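Please look at the sequence and structure first.

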Amino acid sequence: MTEIELALERGQRIAPFRGLLFLFWGLILAKCCLAQWAIVTYAIPIDGVVFVWLPSIFFGLVCTVVYARLTLQEFHRAPLTTNLVRGIWLACAVSLGLFASVGVGFGGVAPTLLPAILSVLLGMGYCIHGFLDHRRLFLLCAVGWWIGSGWLFYLNNLDALLWLAAMLIALQVAPTALLYLEGRRQLKANQSRGKSRSTTSSRLA
């Protein structure tokens with residue numbers, strides 16, 4: 001345990017936040033939830049799993065793989081904490097996939113409970129991510145997801161999809177967009193300071 005703590009301390013350098021995948025997946029899942037709710041509520045003769053969820057998730061996975069390949073070299077140079085964060089979110093995604101496919105497929109988990117289960121997993125992911133990256137906003141999001149999961153477990157009906165879509169926008173898309181914009185502003189500020197320093201150095205030379 002001590003060796004792990006020392007390794008984390010040595011790898012404490014925090015990489016710039018890049019939340020494009022968070023933003024992307026939040027929007028995709030919110031769209032799927034709203035579409036599925038509309039299909040069932042208004043008796044639209046469409047199979048939501050075939051025409052909404054599967055194409056959206058497949059498209060999301062393709063984009064995720066492409067994004068991962070583009071940043072593969074940086075992944076190998078990333079600090080230990082960044083690699084742990086990626087592993088944690090991958091574990092959350094795999095767990096949700098197992099609940100949705102195996103649990104629902106074999107009748108062990110009711111489909112209406114999936115929004116609540118997703119909320120619990122997202123709360124866990126945001127909590128660990130917040131502690132590793134020292135992001136208080138993520139810790140607040142984790143609390144929000146866990147509180148929301150209690151309400152979704154209580155509902156346990158179709159309306160849970162609407163609530164989940166709203167939570168995805170409020171607790172994933174909005175915070176991610178905020179952090180991403182802050183990161184972009186910080187990057188531009190650092191670049192401007194770097195240019196001004198190089199200009200000053202060239203003049204002194």
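Q: With which residues is L158 in contact, leaving aside its neighbours within four places in sequence?
A: Contact means heavy atoms within 4.5 Å. This is a predicted model, where local features need pLDDT of at least 70, side-chain atom pairs count only at pLDDT 80 or more, and totals for chains, interfaces and linings use all residues. Residues are numbered from 1 along each chain as its sequence is written, and side-chain values use heavy atoms, with hydrogens and water left out. With sequence neighbours within four places set aside, the partners of L158 are W37, V40, T41 and T112.

Q: Is L158 buried or exposed, or partly exposed?
A: L158 sits in the loop between α7 and α8; helices are DSSP runs (H or I, at least four residues) numbered from the N terminus. Buried means under 20% relative accessible area, exposed over 50%, partly exposed in between (1.4 Å probe, protein chains only). The relative accessible area of L158 is 26%, so L158 is partly exposed.

Q: How far apart in space are L158 and C33, C-alpha to C-alpha?
A: In sequence, 125 residues separate L158 from C33. In space, their C-alpha distance is 9.7 Å.

Q: Why is α2 called roughly antiparallel to α3, and at what angle do their axes cross?
A: Axes are lines fitted to C-alpha atoms, for helices over the stretch in contact, with angles from 0 to 180 degrees between N-to-C directions. Angles under 35 degrees count as roughly parallel, over 145 as roughly antiparallel, 65 to 115 as roughly perpendicular and the rest as oblique. The axes of α2 (residues 20–41) and α3 (residues 48–70) come within 10 Å and cross at roughly 175°. α2 is therefore roughly antiparallel to α3, the crossing angle being roughly 175°.

Q: Which residue classes make up the contact of α2 with α3?
A: Residues of α2, including W25 and K31, meet residues of α3, among them W53 and Y67. Ala, Val, Leu, Ile, Met, Phe, Trp, Tyr, Cys and Pro count as nonpolar, Asp, Glu, Lys and Arg as charged, and the others, Gly among them, as polar. The contact of α2 with α3 has 18 nonpolar, five polar and one charged residues.

Q: How is A174 classed by relative accessibility?
A: A174 belongs to helix α8 (residues 159–204). G26 is 148 residues away in sequence, yet 9.4 Å from A174 in space, C-alpha to C-alpha. At 42% relative accessibility, A174 is partly exposed.

Definitions and conventions:
Helix = DSSP H or I, 4+ residues; strand = E, 2+ residues; numbered from the N terminus.
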